[in-house]
Amino acid sequence: MNLETSHAKLFPLLFFLLNSAWSIASSSISESFEQCLSSHIQNSNSSNEIILTRTSSAYPSVLDSSIQNLRFSNNFTPKPEAIITPFDESHVQAAVICSKKNGLQIRSRSGGHDYEGLSYVSRAPFIIIDLFNLRSIDVDIENESAWVKWGATLGEVYYSIAQKSKVYGFPAATCPTVGVGGHISGGGIGTIFRKYGLASDNVIDARIVDVNGRILDRKSMGEELFWAIRGGGGSSFGVILAWKLRLVPVPPAATVCHITKTKEQGATKLLLKWQNIADKLPEELFIRPVIRSGDKTIIVEFGSLFLGPVEKLFHLMQDNFPELSLGRSHCTEMSWIQSVLDFAGYSIHESLEILLKRRQFSIIFKAKSDFVTEPISEAGLEGLWQRLLEANTSFMILTPYGGKMSEISDSETAFPHRQGNLYEIQYTVVWDDGKDTEKYVGFMRRLYAYMAPYVSKSPRAAYLNYRDLDLGRNNNGNTSYAQASIWGLKYFKNNFRKLVHVKTLVDPGNFFRNEQSIPVFSSGRK
């Protein structure tokens with residue numbers, strides 16, 4: 001037997017032995033974790049409902065239930081040792097304590113919309129704490145507030161408010177299946193944020209389980225941690241249990257308009273005008289272009305929400321944007337909650353119960369984000385059109401800034417993208433077959449590279465809620481401040497150092513970590 005033949009026979013054996021050893025170790029960790037958690041749960045009879053191991057019949061369906069990006073739903077995606085589905089806050093405390101004791105990472109999942117799957121995927125052995133059972137919402141109209149548990153979706157929040165009042169709302173995103181947990185902790189951009197600020201700007205209290213398994217509220221956690229979890233992402237600091245939200249007044253009548261223009265119908269010129277006025281319009285008016293490629297052309301839909309009656313909107317548009325030629329056929333006067341249905345892609349005549357659906361659709365996609373501080377030139381837009389036409393399943397959403405967002409300091413919360421931004425861009429490409437992933441991810445990276453001269457610089461800023469691992473990744477263990485700054489400054493700009501300071505104070509051992517979690521300062525550096 002020659003050396004080459006010997007090696008060829010040894011490799012399968014070595015792979016088998018290593019895989020067997022890993023499986024035994026994994027099984028041992030899982031059993032130890034399960035025993036620890038069961039001992040902390042007062043009613044041991046319910047532990048089988050709370051702890052779903054890989055052998056549990058419900059494990060596959062619960063795992064898949066909130067995977068919104070099917071790029072992370074395949075045989076090669078790492079799976080958790082167990083899924084914890086707590087019915088009580090004490091179950092979350094126990095999961096944190098036992099995970100730490102057994103060297104397991106934690107992924108806490110609210111709605112499953114993390115663009116890179118970091119709420120349910122890890123390179124290291126891990127568990128998922130899926131909080132869908134903890135989603136109660138207590139609306140207090142008299143005090144203009146609501147306590148919302150982490151597992152609730154935005155649709156459930158909007159629905160619950162509407163059941164109590166037609167003249168209150170909340171400034172958050174348009175997709176109703178997004179979980180409040182990650183969305184609010186990352187900032188939370190929506191259709192009325194020019195009037196009221198981000199979702200995270202309207203948080204007045206919170207409850208979080210820290211690295212020691214303690215439940216802390218705003219008073220006991222302190223203002224530094226409360227600052228950090230509003231825009232800095234909650235998963236770096238603990239497991240957030242609930243938010244206390246400030247409700248905002250909305251008028252009895254709002255107006256929604258949709259008008260679509262192709263490149264041949266002057267869409268490019270209209271976008272040039274929009275760029276120069278969108279951030280300067282009254283804060284009650286939100287005009288959002290969605291750009292996509294069609295049949296050998298570019299299509300731009302201008303969708304707008306005005307907090308007021310249609311006649312007042314027409315006067316505003318005539319004074320500020322007559323080129324759009326907005327008419328009565330494009331607009332509908334409705335309640336604010338109906339505008340939520342409209343921007344979610346539903347008919348405004350649908351029953352509000354549709355907002356309670358926890359899954360609208362699941363697709364394979366890759367997304368990125370940018371912030372624009374100066375209008376893009378006509379030549380820049382024409383070059384962009386050429387690139388968008390390479391993939392007919394791509395689109396861009398342009399979200400206008402200004403209004404309240406220009407009045408709040410960059411350091412008020414951990415979310416830094418405030419004054420000086422004209423608009424924010426979300427780029428997305430979708431596809432059907434997982435075999436085409438490399439092709440479409442490559443397209444997205446080329447599109448992003450093309451846009452570099454036209455967007456913010458030093459750093460080229462990005463929005464945490466549109467997470468993008470192309471910006472940089474942490475090591476499996478501890479990551480240096482310098483290395484994490486590669487992506488951290490893009491998301492958090494000058495707030496990044498303070499976030500690292502807070503992280504070092506509350507989780508010095510860096511237990512709560514993922515590929516883009518806030519790192520800790522190395523010993524001696526603060």
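Helices (H or I, at least four residues) and strands (E, at least two) are DSSP runs, numbered from the N terminus. The structure is a predicted model, in which local features need pLDDT of at least 70 and side-chain atom pairs count only at pLDDT 80 or more, while totals for chains, interfaces and linings use all residues. Residues are numbered from 1 along each chain as its sequence is written, and side-chain values use heavy atoms, with hydrogens and water left out.

View 1. Most residues other than glycine have a negative phi, and most peptide bonds are trans. In the loop between α14 and α15 lies Pro-459, and the peptide bond that leads from Ser-458 to Pro-459 is cis, with omega near 5 degrees. Lys-296, which is not a glycine, has a positive phi of about 60 degrees, and Lys-296 is placed in the loop between β13 (285-293) and β14 (298-306).

**View 2. Helices α13 and α14.** The axes of α13 (residues 378-388) and α14 (residues 437-450) come within 11 Å and cross at roughly 175 degrees; axes here are lines fitted to C-alpha atoms, for helices over the stretch in contact, and angles run from 0 to 180 degrees between N-to-C directions. The two helices, α13 and α14, are therefore roughly antiparallel to each other, given that angles under 35 degrees count as roughly parallel, over 145 as roughly antiparallel, 65 to 115 as roughly perpendicular and the rest as oblique. On the α13 side, Ala-379, Gly-380, Gly-383, Leu-384, Arg-387 and Leu-388 meet Phe-443, Leu-447 and Tyr-450 of α14, where contact means heavy atoms within 4.5 Å. By class, this contact of α13 with α14 has 6 nonpolar, 2 polar and 1 charged residues (Ala, Val, Leu, Ile, Met, Phe, Trp, Tyr, Cys and Pro count as nonpolar, Asp, Glu, Lys and Arg as charged, and the others, Gly among them, as polar).

**View 3. Helices α15 and α16.** Helix α15 (residues 481-492) packs with helix α16 (residues 496-506) at an angle of about 120 degrees, and their axes are 9 Å apart. That angle makes α15 oblique to α16. Residues of α15 in the contact are Tyr-481, Ala-484, Ser-485, Trp-487, Gly-488, Leu-489 and Phe-492, and those of α16 are Phe-496, Arg-497, Leu-499 and Val-500. The contact of α15 with α16 is made up of 8 nonpolar, 2 polar and 1 charged residues.

**View 4. The mixed sheet of β1 to β4.** In the order β1-β2-β4-β3, 4 strands form an open sheet with mixed pairing; two strands pair if DSSP finds at least two bridges between them. At the edges are β1 (51-53) and β3 (105-109), each of which pairs on one side only. Strand β3 is joined by 5 bridges to β4 (residues 126-130), and these two strands run parallel; within this pair, Arg-107 has Ile-128 of β4 as its bridge partner. Helix α4 (residues 89-102) lies across β2 (82-84), β3 and β4, and runs at about 170 degrees to β4.

**View 5. The antiparallel sheet that includes β5 and β6.** An open sheet of 5 strands has the order β5-β6-β10-β8-β9, and its pairing is antiparallel. The edge strands, β5 (137-140) and β9 (215-216), each pair on one side only. Between β5 and β6 (residues 145-149), which run antiparallel, there are 4 bridges, and Asp-138 has Trp-147 of β6 as its bridge partner. Helix α5 (residues 154-164) packs on the sheet and touches β5 and β6, its direction making about 40 degrees with that of β5.

**View 6. Two cavities.** On a 1 Å grid over the protein atoms alone, a cavity is a set of points where a 1.4 Å probe fits but cannot get out, and a pocket is an open set with protein on both sides within 12 Å along at least five of seven lines; lining residues have an atom within 4 Å of a point. The largest cavity has a volume of about 100 Å³, where grid points are joined across faces, edges and corners, and a volume is the space filled by probe spheres set on the points. The lining of the largest cavity has 1 nonpolar, 5 polar and 4 charged residues. The second largest cavity, of about 80 Å³, has a lining of 8 nonpolar, 3 polar and no charged residues, to which helix α12 (residues 336-343) gives the most, with 4 residues.
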